Amino acid sequence: MTLLSVKNLRVTFDTEAGVVEAVRGVSFSLGRERLGIVGESGSGKTMTGRSVLRLIRPPGRIAADEMLFDGQDLMKLPEREMRALRGPRMAMVMQDPKYSLNPVMKVGAQLMEGLRQRDRVGRAEAHGKAVAALEAVQIRDPERVMEAYPHELSGGMGQRVMIAMMLIPNPDLLIADEPTSALDVTVQAEVLSILDGLVRDRGMGLIFISHDLRLVARFCDRVLVMYKGRVVEELAAQDLLHAKHPYTQGLLNCLPRIGGDRGPLPGLDRNAEWAR
Amino acid sequence: MALIEIENLSVIFNAKGREVRAVEGVSLSVEARESFGLVGESGSGKSTILRAICGLAPVSGGTIRLGGAPVARGKAFSRRVQMVFQDPYASLHPRHTLDRTLSEPLAIHGLGDADRRVMQALEDVGLPTSFRFRYPHQLSGGQRQRVAIARALMLEPEILLLDEPTSALDASVQAETLNLLSRLRDERGLTFLMVSHDLAVIDHMCDRVLVMQHGRAVEELSREALAGAQMKTAYARSLFEASADRMLG
């Protein structure tokens, strides 16, 4: 079943130096599955994710032939209805906890804010739900974290707090932008299994944005490879490590390998033709 | 005699009246021109060891010796040891141009010929000299990390402490940065002490690696032992197995 279908998405920025096209005609559809988007920074993967929630600020502009989420065209919804979708129906875990959490608000207050304001939940119940969400992302000492400010948490803890925050309203679609890049392998595995459980048990759709090809190959069902605002290759995740496109192959080849010869790592060939 | 000798190092922080033992009884030694890696999960104390060497974390017990002499911080230390931090977005002064960032160590140490040295430093790390009067926000992450490396090399140190120097970078930019570090190491005979959570990066760069957990040393591995999966402790093995997709082939 298709949860989200995007046709010919374009994101453009009008800058002093002229029009910059961050996303140029991206189309994809998402069921209740794990879709990976990989590419270098600047390839438009984050912008693609943000566009789905219409979180692009002026001077950025979004255009698409169609962006259907559960039967509704997101391009045509008024802002008020869009706001009602964000949170309960679709949510995004942002990349960097340092910049995405409110630095002057305790973690607990931030976790409870949505419940209190949107769902009109009582204080005690909101507190209980927030603690439960922190436990769900494997935070060992949730009561302490509730009382902490974001600067008192490590990067990995901050990232898990953001995931917990997005999972409280139980969305149908989660867009996770580099959710595990600040985590080390062991915690990364935990967070991935949490996300995996949500896709399997709750039937959530997940867009997983990452620059780590090996991680995406292991974790996702399907993968879009983006280059300069376009999708250059779409393939099943298990085929990613044997990708055909020279750009995807280049991304794989420039990774060091255990037991490699330690010679200079190959650089990435970039061909303007691929971005056409 | 090893260039860097750390014996029984402990680092203890006091946080809100609670003692946090970040590093406990860690010993290691790094020969001149050797590259030594530290791996472990976050909170294992690997970065804290680098910070303790620089004086950014308190040495609560044990000794750190450089070239046989107990470490003494000050100008002489800065000439020998420099550090490159993980986050190129946070480690450069946002309101200083590259020129100012790169010439400041020269001014502090009273080294002349700043003009030529700054241009040379930009060239050495593969940045166009036209970037000289740019600000960090006008550069990409990879370019900023090149600036951070150039800054660390301004005083021509013999030891570079590298704290996750490529983990904030894309795969292609990581490859370029690792190649740059290898080239500079060969050209200048540098000694690296490098922290990373990526075993493949460590294997690519380092001759030996120390696996850490909860502030303690778990196991030291040679490069051969790492590639051959000859680790003795369960923890080192679990780290290795979590990196199985980083193997050659």
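# Briefing: strands, loops and cores in chains A and B

A:Thr12 stands opposite A:Glu21 in β2(A). That pair belongs to a predicted model. The strands involved are β1 and β2 of chain A, which pair in the antiparallel sense over 10 bridges.

**Hairpin in chain A**

- Strand β1(A) spans residues 4-15, and strand β2(A) spans residues 18-30.
- The two strands form a hairpin, with 2 residues between them.
- Strands of a sheet pair through backbone hydrogen bonds, either parallel or antiparallel. For β1(A) and β2(A) the sense is antiparallel.

**Sheet and helix in chain B**

- Chain B has an open sheet of 4 strands. The order is β2-β1-β4-β5, with antiparallel pairing.
- Which strands of chain B stand at the edges? They are β2 (18-30) and β5 (69-70). Each has a single partner strand, so one side of each is left without a neighbour in the sheet.
- Strand β4(B) covers residues 61-66 and pairs with β5(B) over 2 bridges, in the antiparallel sense.
- B:Arg65 has B:Pro70, in β5(B), as its bridge partner.
- Helix α1(B), residues 46-54, lies across β1, β2 and β4 of chain B. The helix runs at about 100 degrees to β1(B).

**Record annotation for chain B**

- An unreviewed UniProt entry places the feature "domain: ABC transporter" at residues 4-239 of chain B.
- Over those residues the chain is 36% helix and 28% strand. The end C-alpha atoms of the stretch are 26 Å apart.

**Backbone geometry**

- A cis peptide bond joins A:Pro58 and A:Pro59, with omega about 10 degrees.
- A:Pro59 sits in the loop between α1 (45-52) and β4 (60-63) of chain A.
- A:Arg120 is not a glycine, yet has a positive phi of about 55 degrees. Its place is the loop between α4 (107-117) and α5 (123-136) of chain A.
- B:Glu164 is not a glycine either, and has a positive phi of about 45 degrees. This residue lies in the loop between β7 (159-163) and α6 (171-188) of chain B.
- Are these two residues buried or exposed? A:Arg120 is exposed, because its relative accessible area is 68% and the cut-off is over 50%. B:Glu164 is buried, because its relative accessibility is 7% and the cut-off is under 20%.

- A:Cys254 is in no disulfide, and the nearest cysteine sulfur, that of A:Cys220, is 19 Å away. A disulfide would need the sulfur atoms within 2.5 Å. A:Cys254 is buried, with a relative accessible area of 0%.
- B:Cys54 is in no disulfide either. The nearest cysteine sulfur to B:Cys54 is that of B:Cys206, 17 Å away.

**Nonpolar cores**

- In soluble globular proteins, nonpolar side chains tend to be buried together.
- The largest nonpolar core has 60 residues. A:Leu111, A:Val161, A:Leu206 and A:Phe208 touch the most other members.
- Leaving out residues up to four places away in sequence, the contacts of A:Phe208 include A:Leu35, A:Ile37, A:Leu192, A:Leu195, A:Val216 and A:Phe219. Also among them are A:Gly36, A:Pro179, A:Thr180 and A:Cys220.
- A second, separate core has 52 residues, including B:Ala150, B:Leu199, B:Val201 and B:Val209.

- B:Val147 lies in helix α5(B), residues 141-153. B:Val147 counts as buried, at 1% relative accessibility.
- Which residues does B:Val147 touch, not counting residues up to four places away in sequence? They are B:Leu92, B:Leu98, B:Leu102, B:Leu127 and B:Leu139.
- B:Val147 and B:Met1 are 146 residues apart in sequence, and their C-alpha atoms are 33 Å apart in space.
- B:Asp203 is found in helix α7(B), residues 199-205. B:Asp203 is buried, with a relative accessible area of 1%.

Conventions: Residues are numbered from 1 along each chain as its sequence is written. Chains are lettered from A and ligands numbered from 1 in the order in which they are written. This is a predicted model: local features need pLDDT of at least 70, side-chain atom pairs count only at pLDDT 80 or more; totals for chains, interfaces and linings use all residues. Side-chain values use heavy atoms; hydrogens and water are left out. Two strands pair if DSSP finds at least two bridges between them. Buried means under 20% relative accessible area, exposed over 50%, partly exposed in between (1.4 Å probe, protein chains only). UniProt positions are given in the numbering used here, feature names are shortened, and annotations may be inferred rather than shown by experiment. Contact means heavy atoms within 4.5 Å. Axes are lines fitted to C-alpha atoms, for helices over the stretch in contact, and angles run from 0 to 180 degrees between N-to-C directions. A nonpolar core is a set of buried Ala, Val, Leu, Ile, Met, Phe, Trp, Tyr and Cys residues joined through side-chain atoms within 4.5 Å.
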